[in-house]
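Here is a short briefing on how the parts of a protein model pack together. Look at the structure, then work through the points below.

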Amino acid sequence: MASTLGIIADDLTGAMDSGGYFAVLGWGTVVVINSSYRSLAAVTVLNTSSRADAADIAYQKVHRAVKALSGRTIYKKVDSTLRGNVGIELRAVMEELACDKIVVAPAFPAAGRATLNGTMLVNGARVTDTQFARDPSAPAREAYIPRLLEPSTRCQVGLVSLEVVNAGAEAIYRAIDRMPQKVVVCDAVLQSHLAAIARAAALSGGRWLLCGSAGLARELTVLLDNEFRGSVRRPTSGNCWPALAVVGSLNRVAAEQLLRAKDEVRLPALNLDIECLGRGDIVSEVERLVREATGFLARGKTVAITSTFSQYDPTARRLVAPAMAEAVSAILASHRLGGLFLSGGDIAEAVC
């Protein structure tokens, strides 16, 4: 078993999703956004923030991340909808590490993402037929995973069927061990399938590199030595301060969640006016958000700041995260809050 784990994620949302699960289980866990930071935690998740980067930049970032996590068991975290530089980043890890097999299983059943016959499905539909194919910064371009990976990894990609995965860890291990391909995609439609894949990797004695979403990451405890499990300090409950929610995700689910919060708990939601940013009125728009949020917080009312419902403007898109981060920073400097909730990787990273 490995003593420590290093997870390389391409955005902050995925990094937090993967790391948060280990923290809940009691493992000392740190998420970092700078590859020069040296963490001593049992689980270190490094965010390369490379999902929307050009392929060559993403490649270099991941190369540096692998070096920064030297000595740890590496897990390459990818998006469960195959957005970003999936193959290029995987190749960067492959070239830095000596692995007999690279096992790719991006399914995330809890979020409705499954892999069947090598094809990525979201709630039963091919990912290229969903909203994720229209992502403005990093769209999903290919649903059949071997076809996605082969050009960028420069390897033939094998496929482990659901029938084999259903047979359990030993059957998966034997099947992959016999396959001529170095890169192998595993079907999975249930969390138990991902658990079996992780156990198969454990049977390899560290000779396999695992690659997947937060779904497979949740099963990586089979690779860790419990002697290195540390206690986690949990926040005390009972404070009466209001909280601040900052929602910048363009995901439809995020919008539905925010609307439900508005309806069920009367959460005030202050919308960022992206048109103002496009006109150059950034300072005045930030001041307005701070002023209106302060009014609610002063009355002990939890409030949300969001850009989710704003009209998408490609010319002003790069200004959204910095503007919201400036507003949040100003609010945090002058208010004691009971909690801070961040949704949307770009927004969260800018706030950090």
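The buried residues of helix 6 (residues 169-178) pack against strand 5 (101-105), strand 9 (157-160), helix 5 (162-166), strand 10 (183-186), helix 7 and strand 11 (208-212). Contact here means heavy atoms within 4.5 Å. This is a predicted model: local features need pLDDT of at least 70, side-chain atom pairs count only at pLDDT 80 or more, and totals for chains, interfaces and linings use all residues. Residues are numbered from 1 along each chain as its sequence is written, and side-chain values use heavy atoms, leaving out hydrogens and water.

**Helix 6**
- The buried residues of helix 6 are A169, A171, I172, Y173, A175 and I176.
- Buried means under 20% relative accessible area, exposed over 50%, partly exposed in between (1.4 Å probe, protein chains only).
- Helices (H or I, at least four residues) and strands (E, at least two) are DSSP runs, numbered from the N terminus.

**Nonpolar cores**
- The largest nonpolar core has 36 residues. Such a core is a set of buried Ala, Val, Leu, Ile, Met, Phe, Trp, Tyr and Cys residues joined through side-chain atoms within 4.5 Å.
- Helix 7 (residues 191-203) gives the most to this core, with six residues.
- V43, I197 and L210 have the most contacts inside this core.
- Leaving aside residues up to four places away in sequence, I197 touches V103, A105, I172, C186, D187, A188, L210 and L216.
- Another core, of 35 residues, lies apart from it; V78, L90, V104 and V122 are among its members.

**Helices 3 and 4**
- V86, G87, I88, L90, R91 and M94 in helix 3 meet L148, L149, S152 and T153 in helix 4.
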